[in-house]
There are 2 protein chains.
Amino acid sequence: MAIKLKTDYLNGFVEDHEYSLIKSAVAAAHETLIEKGDPAEKPIGWMTLPVDYDKEEFDRIEAAAKKIQKSCDIFIAIGIGGSYLGARAAIEFVKGANYNAMKKETPDVYFAGNTIDPDALHDLLSLCEGKDICINVISKSGSTTEPAAAFRVFRELLEKKYGEAGAKERIFVTTDKKDVPGKLKHFAIEKGYETFVVPDDIGGRYSVLSAVGLLPIAVAGCDIKKMMQGAEKAMRDFSSTDIEKNDCYKYAAIRNLLLRKGYEIEMFVSYKPSFMYMNEWLKQLFGESEGKDKKGLFPASVIYSTDLHSMGQYLQDGRRIIFETVVDVLESNYSVKVPFDASNIDNLNFLADKDFHYVNKQALLGTLDAHVSGGVPNVVLELDKMDEENFGYTVYFFELACALSGYIGGVNPFNQPGVEVYKKNMFKLLGKPE
Amino acid sequence: MAIKLKTDYLNGFVEDHEYSLIKSAVAAAHETLIEKGDPAEKPIGWMTLPVDYDKEEFDRIEAAAKKIQKSCDIFIAIGIGGSYLGARAAIEFVKGANYNAMKKETPDVYFAGNTIDPDALHDLLSLCEGKDICINVISKSGSTTEPAAAFRVFRELLEKKYGEAGAKERIFVTTDKKDVPGKLKHFAIEKGYETFVVPDDIGGRYSVLSAVGLLPIAVAGCDIKKMMQGAEKAMRDFSSTDIEKNDCYKYAAIRNLLLRKGYEIEMFVSYKPSFMYMNEWLKQLFGESEGKDKKGLFPASVIYSTDLHSMGQYLQDGRRIIFETVVDVLESNYSVKVPFDASNIDNLNFLADKDFHYVNKQALLGTLDAHVSGGVPNVVLELDKMDEENFGYTVYFFELACALSGYIGGVNPFNQPGVEVYKKNMFKLLGKPE
């Protein structure tokens with residue numbers, strides 16, 4: 001497994017001497033990143049997580065996943081932000097965007113507690129009718145409005161359906177480690193729910209390879225050990241501080257160079273629909289890490305060739321404020337060939353017997369040339385394939401690139417002060433007691 | 001049904017005199033819009049479509065939808081861009097994002113031909129196993145690579161499964177009106193497939209209320225007559241050229257004013273997950289219409305409160321280059337209440353027995369205040385609810401706003417020259433014969 005950076009499509013946008021000139025900033029950002037600090041202020045546990053995780057808890061996650069697989073048709077992961085996107089991204093990355101619809105031995109996985117829309121909740125409740133259900137609430141504080149309100153709804157449903165004793169075998173709680181009376185952890189212990197830990201030294205958007213993401217991912221039948229191995233390989237592959245030997249750091253440097261030139265939007269591009277929620281995960285990772293102090297690249301995303309027929313026109317010829325970061329998946333999981341058709345009304349017989357993967361790749365190459373000639377710098381990241389190991393590898397690559405990028409850009413990549421403002425306003429409007 | 005524009009959250013960003021000063025540009029853009037032209041160059045058939053559509057074909061669409069509903073478990077709409085996003089947006093808007101998973105009398109609806117990824121195609125083929133299938137290929141030329149290649153695959157599947165005679169009852173073709181030997185229309189007639197028309201005077205991204213979108217939408221059990229009625233009401237509601245009497249034109253003016261001030265990104269915001277593909281449709285509509293000649297607002301989208309926990313930090317405190325267009329849906333389709341919980345570990349008992357819709361609305365209001373105080377102009381569009389009539393109404397509102405916006409900004413909102421570039425490169429790489 002690997003990610004390799006290709007800079008061919010940056011020619012004319014970034015000059016060689018710029019790479020030399022940014023090396024000292026990269027080295028300085030690296031020093032800032034690894035400098036010891038209070039884990040609450042500087043949560044960098046994700047950096048060593050691939051080798052330094054709780055093995056006992058990891059085994060319990062795998063055992064819980066097996067138990068859940070045996071006892072339900074529908075598994076509902078209740079969480080928002082980093083307690084939602086990582087798991088969803090992983091399942092679609094490995095199992096495809098149509099995982100729930102496919103015939104399989106593992107439960108359907110739905111996500112709740114990431115919206116307050118009654119219509120979405122109503123629909124999820126209806127499709128639970130007559131089905132066996134397990135739930136996993138994922139919330140450090142236990143009091144974030146969206147997951148807490150959804151947890152009330154689904155806990156009530158399970159207790160009505162299975163009784164308190166039955167429900168406790170079906171409710172799994174991923175929350176703060178500390179047992180404080182009146183908090184979710186304490187409540188879970190009292191009720192007899194199995195609990196897992198949201199680590200103190202890993203922020204939400206960096207937490208997918210902790211219990212936060214791993215339980216839902218394992219329930220869907222993904223091999224989570226392989227994910228950790230992939231992350232570990234990335235940890236070792238991207239340990240140099242020299243950007244000529246570290247594609248991850250070089251990518252972080254390039255992002256900053258391009259922003260300084262006026263390319264304000266980073267468009268994450270994939271040619272695989274199963275990458276869509278990985279794109280969403282990337283938007284949280286980068287947007288929440290860098291969008292502060294009135295700074296930061298604006299992260300956007302597309303799936304091509306689908307969106308070449310929607311956003312393609314803008315990319316080709318709109319305002320020149322965008323660069324693209326294209327994840328080129330070198331190998332597909334399946335082979336499907338274009339059939340021969342005697343009528344040839346579409347003039348595509350020249351593609352007969354060619355694999356769709358090959359055609360998709362030519363679309364990618366043709367688009368790179370088209371967009372570069374239109375004035376859009378393109379960063380290409382070659383990814384071997386979409387499986388568990390490469391998921392772990394990809395996660396680590398982008399987390400590290402993001403943290404380093406933030407420090408190069410002069411922001412703290414580990415806080416998110418702006419997220420509180422809407423909550424305060426909302427609670428005021430809702431008349432929350434002090 | 002209605003959409004009402006609220007400008008309260010633009011105070012401090014747009015001054016009263018600016019509305020006066022842009023009135024003449026709005027009037028001029030309106031004149032340009034309604035000026036007669038060659039329909040091939042200036043396809044404005046969508047403007048009168050709500051009253052001026054082919055009633056005989058409309059009845060055939062409804063009859064075909066009934067036939068399809070009776071004869072299959074899975075219906076596959078094969079199209080890309082405007083032959084994909086509109087139908088998908090409509091079905092999710094009216095039936096919810098989990099339509100396929102819900103218990104229902106109508107077939108599952110899947111979309112193919114919008115990607116060249118073999119893994120996505122493989123997964124769709126597997127979930128067709130053992131199911132009855134109908135397909136609708138939607139392509140004006142019949143030779144666009146993505147849908148044409150997918151049509152080969154599914155036509156072959158149907159002919160193997162049902163024989164030529166059986167397959168012809170299950171294949172529906174929406175394509176060019178003209179019967180030219182060697183083209184899809186001609187082929188469809190020869191084969192005995194029922195055909196529908198991609199209108200000559202309506203471009204792809206404006207075509208959802210023609211046969212292009214209506215057949216898949218009707219198959220999913222939506223009342224397409226109500227959609228046309230909704231569009232007709234919008235056509236009448238937004239006929240004034242005075243922005244004080246026309247919220248649609250005023251919205252078009254505001255978008256241009258904000259862009260001129262440096263707000264380069266328009267973020268489409270909804271608080272309902274079932275609006276997600278409507279957002280995707282909006283991104284094509286505006287991005288493809290305005291992203292040219294190195295100009296145009298960059299369209300992006302989010303679903304809140306979900307994405308307040310991913311992109312929220314950026315919106316609150318990142319680069320100040322964004323304004324938001326918030327579609328506030330005033331009424332939900334279902335009521336779900338927050339349960340009381342004696343333990344109250346989440347401190348949310350002050351919300352007990354409150355409807356989720358109410359909580360969602362306070363999140364919207366709290367976010368508006370938060371983002372405006374953070375320096376983000378907010379346009380609010382109040383939409384009555386999410387049903388068929390309001391879908392038609394919303395589509396017409398945005399199509400008209402987009403066309404007028406384009407002319408105010410000095411671009412041709414009806415062409416998409418940039419979309420061809422990647423195709424040319426791709427065909428060259430694929431070695432397509434001349």
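How much area is buried between chain B and chain A? About 10,700 Å², and carbon and sulfur atoms give 63% of that. Buried area here is the accessible area (1.4 Å probe) that two parts lose on being put together, summed over both. Three residues, B:R152, B:H309 and B:I345, supply 8% of the area that chain B buries against chain A, more than any other three residues.

Before going on, a bit of housekeeping. This is a predicted model, where local features need pLDDT of at least 70 and side-chain atom pairs count only at pLDDT 80 or more, while totals for chains, interfaces and linings use all residues. Residues are numbered from 1 along each chain as its sequence is written, chains are lettered from A in the order in which they are written, and side-chain values use heavy atoms, with hydrogens and water left out. As for confidence, chain A averages a pLDDT (the predictor's confidence in each residue, from 0 to 100) of 97, and 100% of its residues score at least 70. The model scores ipTM 0.98 and pTM 0.98.

Now, how do the two chains relate? Turn chain B by 180°, with a shift of 0.0 Å along the axis, and it can be laid on chain A with an RMSD of 0.0 Å. That's the relation of a two-fold axis. The superposition is by least squares on the C-alpha atoms of residues with pLDDT of at least 70 in both copies. The contact (heavy atoms within 4.5 Å) takes 125 residues from chain B and 125 residues from chain A. Of the interface residues of chain B, 99% are also interface residues in chain A, so the copies meet through the same surface.

Let's look at charges. Side chains of opposite charge can pair when their charged atoms come close. The rule for a salt bridge is a side-chain nitrogen of Lys or Arg within 4 Å of a carboxyl oxygen of Asp or Glu. A search of the whole structure finds 63 salt bridges over all chains, and 12 salt bridges lie across the interface of chain B and chain A. One of them joins the side chains of A:D117 and B:K272 (2.4 Å, N to O).

Another pair is A:K294 and B:D317, whose side chains meet in a salt bridge at 2.5 Å, N to O. This pair crosses between chains, from a loop between α10 (276-290) and β8 (298-303) of chain A to helix α11 (residues 312-317) of chain B. Helices (H or I, at least four residues) and strands (E, at least two) are DSSP runs, numbered from the N terminus. A:K294 is partly exposed at 43% relative accessibility, whereas B:D317 is buried at 17%. Buried means under 20% relative accessible area, exposed over 50%, and partly exposed in between (1.4 Å probe, protein chains only).

Inside chain B, B:R205 forms a salt bridge with B:E288, their closest N and O atoms being 3.1 Å apart. The two residues are 83 residues apart, so to speak linking distant parts of the chain. B:R205 is buried at 4%, and B:E288 is buried at 5%.

Finally, find B:E18 in helix α1 (residues 16-34) of chain B. B:E18 is buried, with a relative accessible area of 15%. Its side chain makes a polar contact with the side chain of B:K261 (2.9 Å). A polar contact is a pair of N or O atoms within 3.5 Å; within protein, one must be able to donate a hydrogen and the other to accept it, and residues adjacent in sequence count only if both atoms are side-chain atoms.
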